[in-house]
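Student: I have just opened this one and would like to find my way around it. Could we go through it together, one piece at a time?
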Amino acid sequence: MKDKTTKVYKPKIKDYENFNLSFPEVDQLLDKIEVIKRRKIKDINNQINYIDPLNHVKTLKNPVNHLIVGRRGSGKTSLLIKVIEEIRKANGLVTVVDMQGKQRQGSDLPLIEVLTYLFKDLKKTLELDKDWEPYLIRKTKVKYYRLKSLYYGLISKAIWNNNIVENDKLYNQISSIINRLNIIKETPNEATILINKSNKKKLQSDKSFKSLVSIGADSKYLDLIKAASSVEASFSIISQNESSSENNFEYSGKYSKIEALDELKQDIINCLESFYKKEKRPVFLILDDFYQIPIDNQPFIFQYLHDLNKETSDMAFSYKACLVPNRFKLNEDHNKILSHKDDFSTINLDREFCELESNKDLLFKILCSIDPKLDFTTIRINKLFNDTVVINDCIRASGALPRYFLDVFSHMVKYSKAENKNKIHKMVLSQVIREIKKSKDGLIAEEAYLPDDQIRKLYSIIEEEVVHGLQTNVILYPYISFKENEDILNTLINLGYIHRIKENVMVNRINYVPLFIDMIFTHTKSEKMPKNFKDVKFWEKDGKILLSCKIWEFNKEKILELQNDSAA
C-alpha cells in the first residue's frame with residue numbers, strides 16, 4: 001500500500017508584468033479612494049499613511065504658531081490628522097475645532113466657541129486624572145470627604161504643595177473661564193456685560209459658583225481651592241439702559257462682548273500657564289478650514305490667539321490654522337500687528353505646477369499609500385495608463401492637487417472600464433473633466449468673495465480671448481497688472497479655473513506670471529477646438545518653453561465695468 005503524500009498548496013502568482021484595470025486590486029483601490037476623499041478632521045483617531053517628502057509633520061510638531069496654506073484639495077486636513085497623531089504620541093494635548101459652519105456675523109462668537117472647546121478639553125483632562133477627583137465629587141462621598149477634610153484642615157503641614165489642592169485650584173480656574181465665556185456668548189447684542197472686580201477671595205456670577213459657595217463645606221479647605229488670582233472678576237448681563245450701582249468694595253464696569261473677551265484674556269493666559277506647569281503637557285489648538293470665517297473677522301481671532309501664545313511660556317500654548325491662499329487676513333486695515341515671517345511658521349502645500357514630473361511622483365506615491373495591503377507601486381500605477389500623454393493630462397486636469405487627482409484617477413478608471421479598456425485611455429478625458437467642472441462650479445458661492453455672475457463673466461472672457469482668440473492654454477500675465485487685479489486672479493486660482501505655473505518668469509527684463517488655463521475650458525465644449533490651438537507642454541525644456549508664450553491680461557475697462565455692475 002502506497003503512502004499518501006500531502007500536496008503542498010502553492011498560491012497562484014499574479015502576473016503583475018501585465019497589470020491592468022481588470023485586476024481586483026484596482027476596484028479595491030477605488031473603494032478606498034471614496035472613503036479618504038470624504039476624510040474630515042474629526043477622523044483624527046484613524047491612523048493614516050501620509051506621504052511627507054518635505055518633513056512637514058516634524059515641523060508642525062513644534063509648539064509654535066503655524067499657518068498651513070494650500071488650495072482646496074492640497075492635503076491640509078490629511079497632514080493635520082498625521083500631526084495630531086504624532087503630537088499625542090509625545091503627550092501633547094490637542095484641541096481640534098472644525099471652523100466650517102462657523103460663518104457667523106461678528107468675530108466674537110467663533111472665538112468664544114473656540115476658547116470654550118479648548119477649556120472644556122483642559123477640564124476633561126483633569127477629570128480623567130486617576131489620582132484626583134473634583135472637589136464637589138469628593139464632597140458627595142461623605143466618608144472620604146471627612147477624612148480628607150480632617151487631613152487638609154488639621155494635620156497637613158505642606159498643604160499648599162499638595163497635588164490635590166493644586167488640582168482643585170486649577171480645575172476651578174478652568175471652570176470659571178468656561179462660565180464667563182458662556183455669559184459672553186449668551187449676552188444679547190443689544191446688552192452689555194457688567195464686570196465687578198474685587199480683591200476679595202470670591203468668585204461668583206449669575207451662573208457660576210453659587211452652588212460651590214452654598215454647599216457649607218469646610219471653609220478652611222474651600223478657601224484654599226479658590227481661583228489663584230488676587231483680583232477676581234464676576235460677570236453678569238445687564239440691559240443697555242439699566243444703571244449699575246457702585247459698590248464701595250468693588251469696581252464695576254460695563255463692557256461689550258469683545259471688550260469682555262479682552263478683559264478675560266489675562267485670566268486665560270494665567271490658566272494656560274498654570275496648566276502647563278501642573279501637567280507638563282503643551283497645549284495645541286488646531287483650527288481646520290479657518291478660511292471659512294469671513295475675512296474681515298479673521299484678524300481679531302488671529303491676534304487674540306497670538307497674544308495667548310506670546311504671553312505664555314514657549315511650550316505652554318500654540319495654534320495652527322488651515323487656510324486657502326489669499327483667503328485670509330492677519331491684520332485689521334491700516335493696522336499691521338502680525339506678519340507671516342515674524343509671528344508664524346508658514347507651511348505651503350501648493351507645489352509649482354511646472355514641476356510636472358515631481359508632482360506625478362508625489363501623486364502616485366499617495367495612491368500607493370492609501371492601502372499598503374493592496375501592494376501598489378508606482379511602476380504598477382504607471383502600467384494602468386495607456387501612455388505618458390494620458391498621465392500628464394490627468395495631472396494637469398487635477399491641477400496637481402491630491403484630492404482632485406484622486407477624483408480624476410477614479411473617473412478615468414471607471415469610464416475606461418465602461419469602454420471595455422484594460423488601460424486608462426485619453427478617449428474618456430473629456431467625460432472626466434466635465435465631472436470635475438461640476439465640482440469646481442459648485443464651489444463658486446463657497447470659495448469666492450466675488451459675486452457668482454462676475455466669476456462667470458470672467459470665465460467667458462478667458463474662454464473668448466485666450467482659448468479661442470489667442471488659441472492657447474498658457475499665457476504670460478504682466479506681473480504689475482497681476483498685482484493690480486490680485487483679488488480677481490487669486491479667486492480664479494483658488495477655484496481651479498487657472499493655475500499658476502511658476503511664481504514668475506523674466507522675459508526681456510519684464511516680469512510675468514505664467515498661467516495655465518484649466519482643461520475645463522478646452523475639454524468640456526461640444527464644439528471643436530480652434531484648428532491651430534496650441535497645447536503648451538510648459539514642463540518641457542526645463543520650463544524655457546514659457547519664454548515664448550503669448551502675453552495677455554484682462555482689459556482694464558472690462559474689469560471696471562464688471563466691478564461697477566456688481567456695486568450697482
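This is a predicted model: local features need pLDDT of at least 70, side-chain atom pairs count only at pLDDT 80 or more; totals for chains, interfaces and linings use all residues.

Student: Is tyrosine 404 buried or exposed?
Tutor: Tyrosine 404 has a relative accessible area of 9%, and because the cut-off for buried is under 20%, tyrosine 404 counts as buried.

Student: And what is tyrosine 404 in contact with, leaving aside its neighbours within four places in sequence?
Tutor: With those neighbours left aside, tyrosine 404 is in contact with Arg72, Ser398, Ile436, Ser439, Lys440 and Leu443. Lysine 37 is 367 residues away from tyrosine 404 along the chain, yet the C-alpha atoms of the two are separated by 9.2 Å.

Student: Ile436 and Lys440 turn up there, so which residues of H17 are buried?
Tutor: In H17 the buried residues are Leu429, Val432, Ile433, Ile436, Lys437 and Lys440. They cover an arc of only 145° around the axis, and therefore they sit on the same side of H17.

Student: What happens at the ends of H15?
Tutor: At the N-terminal end, aspartate 387 caps H15, with a side-chain oxygen 3.2 Å from the backbone nitrogen of valine 389. Just after H15, glycine 399 takes a positive phi of about 65°.

Student: Which residues other than glycine have a positive phi, and where do they lie?
Tutor: One of them is asparagine 91, with a phi near 70°, in the loop between helix H3 (76–89) and strand S2 (93–98). Another is asparagine 420, with a phi near 60°, in the loop between H16 and H17. Asparagine 91 is partly exposed, with a relative accessible area of 41%, whereas asparagine 420 is exposed, with a value of 73%.

Student: Back to the inside, then: how many residues has the largest nonpolar core?
Tutor: The largest nonpolar core has 84 residues, and those with the most contacts inside it are Phe409 and Phe554. Apart from that core lies another, of 54 residues, including Leu111, Leu118, Leu305 and Phe317. In general, nonpolar side chains in soluble globular proteins tend to be buried together.

Student: What does Phe409 touch, beyond its neighbours within four places in sequence?
Tutor: Beyond those neighbours, Phe409 is in contact with residues including Leu29, Leu30, Ile33, Leu367 and Ile424.

Student: Finally, how many helices and strands does the chain have, and what percentage of its residues count as buried?
Tutor: The chain has 23 helices and 13 strands, and of its 568 residues 53% count as buried. Among contacts between residues at least 6 apart in sequence, 79% join residues at least 24 apart.

Key: Residues are numbered from 1 along each chain as its sequence is written. Side-chain values use heavy atoms; hydrogens and water are left out. Buried means under 20% relative accessible area, exposed over 50%, partly exposed in between (1.4 Å probe, protein chains only). Helices (H or I, at least four residues) and strands (E, at least two) are DSSP runs, numbered from the N terminus. The arc is that of the directions from the helix axis to the C-beta atoms. A nonpolar core is a set of buried Ala, Val, Leu, Ile, Met, Phe, Trp, Tyr and Cys residues joined through side-chain atoms within 4.5 Å. Contact means heavy atoms within 4.5 Å. A polar contact is a pair of N or O atoms within 3.5 Å; within protein, one must be able to donate a hydrogen and the other to accept it, and residues adjacent in sequence count only if both atoms are side-chain atoms.
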